[in-house]
Amino acid sequence: MSRTSSIRTLYTRPEEDPQKPKKTFQLSSEVKRVKQLGSLLISSSSDCKLRMWGTDKFSGTLKLEKTLRGHAGPPTKMDIEGAKLFSSSHKDTALKTWDLQTYELVSDFTGHSDFITFFQVVQKDHVVYTSSFDRSIRAWDTKTGRCIHTFFGHTDVVTQVKVHKDFIVSCSGDRTIKIWDRRKFDKPFKTLSSHSQMVFGIHIKDKSIYSHSQDGTVKIWKLKNGDQKKNIELGYPVTSLSMNKNSFFTQAKTSVEVWNLKGKKCFSLDGHTAPVLTTARYKNYLVTGSIDRTIRIWDVKKGKQLILLRAHEGSVNSVEIKDRWVYSGSEDGTIRQWENVLYQDEEDHGWV
């Protein structure tokens, strides 16, 4: 069968599951996350270790380069600035930095009195912002590790902090969202308080804030003045929200719902038989992984499932898609590498 014919089969008859993993890497503990940063694939596991895998763009071959130890819990977030890796877990009070040339621990950014929930690196300013269970936000100089400023104002755990141009936006278990002027180390100039339960997270896009909450709503706000533009009742706790250029996605138990940026529901991506745990975006496609042990790839413009992979022997905890390759991490302790057939399809049709 030609490659084009194989792709057509994937589009029209996904239940056949013709694709097998190119490679399987067996680890000694559950894989919690896989994340590609540059030429590195980074995995985190329930043994609290980070594993650094070198990747080849064309062959996709993974080579374990180093295992990093030092976190108190499974690392939940990783990012890179220059030759430094930043990482945190929900059981660490310090943000860790690693030298990507030697893979040695450079420093711990210490100052929070409780666990870190989230961080964002602002590379052009060499500043990283952290949020914490201690109800504060801290700004750090990434070169020295010095805390530049601590922001107070929330009365419960700060669940996320996001930075956009001159604005810092934070959300909290206290049911509020606060907007800060990043140029002034001052109190927040706006507090948004119409959520009735914990705010899990925020996204900033096109001068708007998108917030999602335990109260079953997504709210859209004007970034500049905090005015509420839209309240969307979903009817289930909105624990996660992701975005692409034209849409945002919410996970509703066994399905993923697709919305346009104005808050109108476009599709419900139905097919998984157990809760969806993870999503990754690729152009106009969405990759989902589930407790049902499968990976599915969807065309989000048409609301259709294109590919079904019966991927693992346990829950699919994390998926990552980059150019020619899809990587998945699972409860079964494996990382699997799959060919991104859609990348090949786009090449064949001149879409890339």
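User: Contact here means heavy atoms within 4.5 Å. Among contacts between residues at least 6 apart in sequence, what share joins residues at least 24 apart?

Analyst: The model is predicted. Its secondary structure comes to 2 helices and 32 strands. Taking the contacts in the protein between residues at least 6 apart, the share that joins residues at least 24 apart is 39%.

User: What radius of gyration does the protein have, against the value for a compact globule?

Analyst: Along the principal axes, the C-alpha atoms fill a box of roughly 65 × 50 × 35 Å. A compact globule of 352 residues would have a radius of gyration near 20 Å, and the value for the protein agrees with this: 21 Å.

User: What percentage of the residues in the protein is buried?

Analyst: The accessible surface comes to about 15800 Å², with 46% of it belonging to carbon and sulfur atoms. A residue counts as buried under 20% relative accessible area. Of the 352 residues, the buried part is 56%.

User: Which geometry does the aromatic pair of Phe86 and Phe109 have, stacked, tilted or edge-to-face?

Analyst: The whole structure holds 8 aromatic pairs. In the pair of Phe86 and Phe109, the ring centres are 6.1 Å apart and the planes make an angle of 75°. Planes over 60 degrees apart fall in one class, so the pair of Phe86 and Phe109 is edge-to-face.

User: How many residues apart are Phe86 and Phe109?

Analyst: Phe86 belongs to strand β7 (residues 84-89) and Phe109 to strand β9 (residues 105-109). The pair thus links distant parts of the chain, with a separation of 23 residues.

User: Are Phe86 and Phe109 buried or exposed?

Analyst: The relative accessible area of Phe86 is 0%, and that of Phe109 is 1%. The cut-off for this class is under 20%, so Phe86 and Phe109 count as buried.

User: Which residue joins Phe86 and Phe109 in a cluster linked by ring pairs?

Analyst: Ring pairs link a cluster of three members. Two of them are Phe86 and Phe109, and the other is Trp140.

User: Ser107 is in strand β9. How far apart in space are Ser107 and Gly314, C-alpha to C-alpha?

Analyst: Ser107 is partly exposed at 25% relative accessible area. Not counting residues up to four places away in sequence, Ser107 touches Leu95, Lys96 and Thr97. Gly314 is 207 residues from Ser107 in sequence, and the distance in space is 35 Å.

User: Is Val122 buried or exposed?

Analyst: Val122 lies in strand β10 (residues 116-122). Beyond its neighbours within four places in sequence, Val122 is in contact with Glu81, Val127, Tyr129, Val163 and Arg182. At 10% relative accessibility, Val122 counts as buried.

User: By what distance are the C-alpha atoms of Arg281 and Val319 separated?

Analyst: Arg281 sits in strand β26 (residues 276-282) and is partly exposed, with 42% relative accessible area. Its contacts outside four places in sequence include Ser242, Phe249 and Ile321. Val319 is 38 residues from Arg281 along the chain, and their C-alpha atoms are separated by 9.6 Å.

User: What is the relative accessibility of Ile291?

Analyst: Ile291 is in the loop between β27 (285-290) and β28 (294-299). Leaving aside neighbours within four places in sequence, Ile291 contacts Ala274, Pro275, Leu277 and Ser315. Ile291 counts as partly exposed because its relative accessibility is 38%.

User: Near what value is phi of Arg175?

Analyst: Most residues other than glycine have a negative phi. Arg175, in the loop between β15 (167-172) and β16 (177-181), is partly exposed with a relative accessible area of 44%. Its phi is positive, near 80°.

User: Asp206 also has a positive phi, near 50°. Is Asp206 buried or exposed?

Analyst: Asp206 is found in the loop between β18 (199-205) and β19 (208-213). Its relative accessibility is 57%, so Asp206 counts as exposed.

Terms used: Residues numbered from 1 in each chain as written. Predicted model: local features only at pLDDT ≥ 70, side-chain atom pairs only at ≥ 80, totals over all residues. Heavy atoms only, no water. Helix = DSSP H or I, 4+ residues; strand = E, 2+ residues; numbered from the N terminus. Rg over C-alpha atoms; globule rule 2.2 N^0.38 Å. Buried < 20%, exposed > 50% of the residue type's maximum accessible area, 1.4 Å probe, protein only. Areas by Shrake-Rupley, 256 points an atom, 1.4 Å probe, with all protein chains shown as cover. Phe/Tyr/Trp six-rings, centres within 6.5 Å; stacked < 30°, edge-to-face > 60°.
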